[in-house]
Amino acid sequence: MIDVRAHAIRFADLWAIDPHQMVDEIYSPRIRMVRMSDPNRLIDGSDALHSVEDDLAARIPDHRHELVRVIADGPVACLETMVVAPVSTEYAPACVWWWFDAEGMVAAEVGWFDWSIRSHDARAAHGTMPPHASPQQRP
């Protein structure tokens, strides 16, 4: 049985202090991932994910995920987070869906993250939804 909550907490902790250790501990070496900031790009394997983490560290120094909510059902989980950039004091909402493999590693991930909608006000960014997904616009 996968302890998704513990896995999510470890993910958030490691992403803040050592994203390469996070890749090695959380993700399968065969990870297949849709890049959060660009849904047209596929990350295939942990080597590619290490490269993405290097790029992100250069663009958003000292970044971290603050977990807001974790929902899980068996080998599938959804993590609602807030990406925090302490150097620039900016915040942006994010969401990650995980599918675990038999070894308890994340084997597939689809995420959503749009750094362009970041805010300096954590209260304004926390828990907001993109306009195209707002409940008021649903039929």
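The legends below describe several close-up views of a predicted model. Local features need pLDDT of at least 70 and side-chain atom pairs count only at pLDDT 80 or more, while totals for chains, interfaces and linings use all residues. Residues are numbered from 1 along each chain as its sequence is written, and side-chain values use heavy atoms, with hydrogens and water left out.

**Figure 1. Overall organisation of the protein chain.** The protein chain has four helices and six strands; helices (H or I, at least four residues) and strands (E, at least two) are DSSP runs, numbered from the N terminus. Along the sequence, these elements follow the pattern α-α-β-β-α-β-β-β-β-α. Of the 139 residues in the protein chain, 40% are buried. Here, buried denotes under 20% relative accessible area, exposed over 50%, and partly exposed in between (1.4 Å probe, protein chains only). Among the contacts with a separation of 6 or more, 46% are made by residues 24 or more positions apart, a contact being heavy atoms within 4.5 Å.

**Figure 2. Packing of helix H1 against helix H2.** Helix H1 (residues 4-17) and helix H2 (residues 19-26) pack at an angle of about 155°, and their axes are 6 Å apart. H1 is therefore roughly antiparallel to H2. Axes are lines fitted to C-alpha atoms, for helices over the stretch in contact, and angles run from 0 to 180 degrees between N-to-C directions. Angles under 35 degrees count as roughly parallel, over 145 as roughly antiparallel, 65 to 115 as roughly perpendicular and the rest as oblique. From H1, the residues His7, Arg10, Phe11, Leu14, Trp15 and Ile17 meet Pro19, Gln21, Met22, Glu25 and Ile26 of H2. By class, this contact of H1 with H2 comprises seven nonpolar, two polar and two charged residues. In this classification, Ala, Val, Leu, Ile, Met, Phe, Trp, Tyr, Cys and Pro are nonpolar, Asp, Glu, Lys and Arg are charged, and the others, Gly among them, are polar.

**Figure 3. Surroundings of histidine 7.** Histidine 7 is located in helix H1. This residue is buried, with a relative accessible area of 13%. Leaving aside neighbours within four places in sequence, histidine 7 is in contact with Glu25, Ile26, Trp98, Phe100, Gly104 and Val106.

**Figure 4. The largest nonpolar core and tyrosine 27.** The largest nonpolar core contains 29 residues, of which Met22, Tyr27, Leu49, Trp98 and Phe113 touch the most other members. Such a core is a set of buried Ala, Val, Leu, Ile, Met, Phe, Trp, Tyr and Cys residues joined through side-chain atoms within 4.5 Å. Two or more residues of this core come from each of H1, H2, strand S1 (27-34), helix H3 (46-59), strand S4 (76-85), strand S5 (90-100) and strand S6 (106-113). Not counting residues up to four places away in sequence, tyrosine 27 touches Phe11, Met22, Met33, Leu49, Trp98, Met105, Val106 and Glu109.

**Figure 5. Salt bridges.** The structure holds three salt bridges, each defined as a side-chain nitrogen of Lys or Arg within 4 Å of a carboxyl oxygen of Asp or Glu. One joins the side chains of glutamate 25 and arginine 10 (2.8 Å, N to O). Glutamate 25 belongs to helix H2 and arginine 10 to helix H1, so this pair ties together parts that are 15 residues apart in sequence. Glutamate 25 is partly exposed, with a relative accessible area of 32%, and arginine 10 is likewise partly exposed, at 35% relative accessibility. Another salt bridge is formed by aspartate 44 and arginine 32, with the closest N and O atoms 3.1 Å apart. Here aspartate 44 in strand S2 (residues 42-44) is linked with arginine 32 in strand S1, 12 residues apart. Arginine 32 counts as partly exposed, at 42% relative accessibility. Glutamate 80 forms a salt bridge with arginine 69, the closest N and O atoms lying 2.7 Å apart. Because glutamate 80 lies in strand S4 and arginine 69 in strand S3 (residues 64-73), the pair ties together parts that are 11 residues apart in sequence.

**Figure 6. Surroundings of valine 96.** Valine 96 is found in strand S5 and is buried, with a relative accessible area of 1%. Beyond residues up to four places away in sequence, valine 96 touches Met36, Ala77, Cys78, Leu79, Glu109, Val110 and Gly111. Valine 96 and alanine 77 are 19 residues apart in sequence, with 8.2 Å between their C-alpha atoms.
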